[in-house]
Each structure stands twice: as C-alpha cells, then as structure tokens.
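Open the model in your viewer and keep the selection tool handy. We will begin with the whole chain and then zoom in.

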Amino acid sequence: MTNAGYTEKLKNHCYFSPGAETEIFLLSCLIIIFSAVALATAETEIHFTDQTHAAGIHFKHTNGASKQKYLPETMGAGGLFFDYNNDGHLDIYLVNSGTFSQDVQSTRHVNHSDVLYQNNGDGTFVDRTAKAGLQQNHGYGMGCLAADYDNDGDADLYLTNFGKNQLYRNNGDGTFTDVTSQAGVGDGSWSVSASFGDFNLDGYLDLYVTNYLDYQLETAHACFLEGVHIYCGPHEYPGASDTLYRNNGDGTFTDVTARAGLHKGGKGLGTLFTDYNSDGYPDIFVANDAVPDFLYHNNGDGTFTDVALTAGVAYNAEGRATASMGIATGDYDSDGLPDLFVTNFSLEINSLFHNDSDGLYTMTTFETGLADPSFSQLGFGTQFLDADNDGTLELFVANGHVWDNVSKITPSLSYKQQCQIFGNIGIGQYRDLSETAGPFFKRSVVARGVAIGDYNNDGAVDILVTCCGEPPALLRNDSQTAHQKNNWVKIRLVGTESNRDGIGAKVWVQTNKNTQFKEATCGGSYASSSEPTLHFGIGRQEMIRSIEVKWQSGRSQIVDFSNTENPVNQVVRIIETSL
C-alpha cells in the first residue's frame, strides 16, 4: 500500500552534466525543490482553536483535592463524543468526580454530577443532564463509554467509578434509565476504563472493565518522597482484577472473568478490544500501571491467553514494565495493520508498538521520533487522527502529572503540562507540531481523557480533552482552509447479524492512489470514548473507488462507486447485508 505524507517525492528529477551552465541549472533545481517543500509544508499546517466557552461548555471538573491526598483525587476523569439523540450531531458527556466527604457508595451531590451537553447543531451546546435523567451519579467518577449494547439503535452509556459503576440504557426519547442492577454490571471496584467488543461473535457487545488498585479509604496511608507528601504510587497497594462481562442478549450480563481465564490481578488504567492478529476474534489489550501490560489473545472458545510477553508488548524495549496509562490504535505506517501506542509516566518514554503482522510487535518509539518529546511528560489519554485529511495519522497526547507538588522533588517537571500533537511525515516518522498548532498547545493543563469526533460536521476531526480539577477543552479543527482543503469520507456502520454499531468490523477505503485501513473499536484512550463513525482523509483525491467492510459475522461487503455517485466529502451509511 502506498503512503501519502507531508511532503511527496518530487515526480521530476533534475539532471545536469558538467559545463558552463551547470551552476545556474543546479541553483534552479534547488529553488524548485525548496519551493515544493515549502508549499507542501504550508498545505499541511495543522491548527486547532479552543471553543470551550464559545460553545457554551461551562463545566469544571471537581476532584475534591484534600490534605489526605487520596489517590483517586489525581486520576480523573474522562469524557466522550456520542450522538445520544440520533440527530446527526455529536453530543458531549463529561465525567465529574466529587469529593470523599461523603460515602462513595451513595448518590453523588448534585453539584458534582456528570454533565450531558446536547449539540445544538450550530457549534454550541446546551446542558441536558437533568432532562435526560442522568443527574443521579454514584461513587467517585472516573470514566465513560458509549455503545448500543442492546442493539436497539441508540447509544447507551456506561460509567466507571471509584465505587459502583453505572449502566444507563438509552430510551430513545432523549432520556436514560439506570439499569445497572438489572444488567449486573455494577462491579464495585475502583474501575477506570472500559471497552465494548463482541468477543464471542454472537452479535451482542460484551464489556471489559479495568480495575486499578485494591484501594480503601479506611486503610489509605500517606506517602512521602524526599520529605514531600505526595499521592501514593501503584506499588503501595495490590492490584485489582479486571472484569469481563458477557452480554446475554436479553439486557443482562454475566461475569465470565474466571471462566475466560482472565482472573489474574493487574493495575489496569486503559483497555481496548482489538483484533491484533487479524484472525477475526477481538483480543483485549490492557495498559497496567508499573506492572507488565496484558495482551489477551482470544482463543475462539470463550477463553483468553495472555501473550503480551511473547508478542513484545508486556514491557518496553529495555525489558521494563512501564506506568502505562492510555491506549491508541491506528495504522500509523499505512501497512494495513493496527499498531499500538501506550502513554507512560514522566522520565519514561511513551511506547509505540509496530504490528509486525505475525502476532508480534516491535517498539519503534525511538525510530519514529516520539521518544525525546515524551521523556519529561506524563501521558494519559491519546488518539490517532487524520487532522489534516491527507491520508496519514497524526497522534495526539494529553499530558499532566499526578503529583501536584512534583516540582518540589524534580524542579524540571511540573504538575500542569502541555498537550502534544505529532504530525506524520509519511515515512514512518513523526514530528512535534504543537508549537504551531494553536494557543491551547502552549497552555499548561492537567490533562487526562481524550476523545475525537467531528462535532460541527465540517469533515475535520475535532478533539475533546478532559482535565483533573479544571475545565475541559473543546478543540475545533481549523486545519481545513480555502487554501488548504483535503477531501474525506466518513463511514457509519450498521450491523444486522453483527452488533449494530459494527464494532470489531474492519474497513478498507480504496482511492486511485492508495488503500487505507481502519478497525471499528470502542474505548481506548484513558477513561474516554470517541465518535464511532470512521473518518478517512483522502488528500487531494477526488474519487473513491470502493469501500470494503469485513463484519464480525464473517461477511465481506464491497461497495463499488465506479458507476454510482462518488461519496467524497460525505457520510456513507453501510448496512450489513445478508448472505
């Protein structure tokens, strides 16, 4: 597969032979080359504008920071993009956390409730939390996830907490009903992230929940480093076991964790269902904090085997377990396979794992230019996205330390940090574009979750960043201008035999120039979830030849556009066909 990048290889080569005109000719060639490079750079400028206040989003996260420094206070919280009312406009859900002055098993104070923002369709949002029936939150809020678990055509909502988790069924009329008890997915541990995926291919979305530490307020103790009172690290407490819930297809779930062979405890912060080895069965990756990460290979019989060590993703390239936080998957080198990116602690580097197609990964952080820029940062949420619609994936990383007084220990580090966006230069390498990507990237924040989606339906992928103890940031993608406009196509999957959201399906978009690949997933990042519609930038290509979908049912479906209206700069809805 060919790979479009920031600068295309010059089509015409300059040749010269010794003679009187050699110097002039060579100078002309250099001018042409430099002009072409400058033009290509100008054409791929990436820029985001912070629209949080202008969009009517007035939320501020409450973490309840106390002198006791309870660890959950520095770990939240997430957010998501989803279209809860099916009006074609992405809405926003923001998780609040609260305080530990009240019982975490009780209903959270209304002033600390999560917030649902409905998209008005004009770039602004309105708070619909109470109207939607979502103001009764339990526990200390951590993360959120949205998907159609009951296949009724609308997005349901799952919330992870320190305390009991919650599942809200979408009633299809703009309201939600708490069905946690009936569904059996309350968990009750310290849950952070979750992912929906159909591991047994029965057409219903199952649920994997990461649980972090066996942490109890009653037994929590103070931690000090070089005489400074800090939030404790994960090594101070035992890890908790994650939970796998099998969807029974009747609105209820069954805990099959032990039966599936997933009973060992980790210290999970991020997770995602993804078919890493392309065998048709969704596997599970878990980002663990300071212990080896998990890669659960789906055996196809309802059980899993942890192959992280042999696959090369349990540790970093030095053979060390990292403080893994967030997860992103995407085909960064355009070879048709989903690669894996994991954010880590400061004074570590983030981990980019290249999928080698044989069930193995190779860590390529250094080779791709992502090592040095991440060394002093502490990464949380992250996502691959095609910010400029040129057909290659950029990489966004949300940064923010967990120690609010880290500068007292290491003066070169800070609690508030700047987020980063890395441009794909098309040859398997990245370049930090944060300096020129907009004022937000020069502002220090305590960033946590990341979600991506086109909230204003202009064909450019926007970014939602959540922060700990601070307001979120809604970043409108303004990279598309009159002088710089690349084409795109968005694909909305509707499963019939497969799960209705099409999660787990693999999609290929073919133009006259190349073929791009994406896998439909739900979750990842950190405690957050992104728009389920798949977005493909196609650069200056003006024709899409075909779109191929391989559904989890095993069916392959090809939509040929050679004799029909071309879907460039449109949303294509593909419904799974029967055999």
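Start by colouring the charges: the mean positions of the 34 positive and 70 negative charges of the chain lie 4 Å apart. Here Lys and Arg count as positive and Asp and Glu as negative, while His and the chain ends are not counted; each charge is placed at NZ of Lys, CZ of Arg, CG of Asp or CD of Glu.

A word on what you are viewing: this is a predicted model, where local features need pLDDT of at least 70, side-chain atom pairs count only at pLDDT 80 or more, and totals for chains, interfaces and linings use all residues. Residues are numbered from 1 along each chain as its sequence is written, and side-chain values use heavy atoms, with hydrogens and water left out.

Next, colour by pLDDT, the predictor's confidence in each residue, from 0 to 100. The chain has a mean of 91. Now select residues 1-43, where pLDDT stays under 50.

Switch to cartoon view and look for four helices and 37 strands. These are DSSP runs, numbered from the N terminus: helices are H or I with at least four residues, strands E with at least two.

Finally, select Asp-306, which sits in strand β19 (residues 304-306). Show its contacts (heavy atoms within 4.5 Å): beyond neighbours within four places in sequence, Asp-306 touches Lys-264, Phe-294, Leu-295 and Tyr-296.
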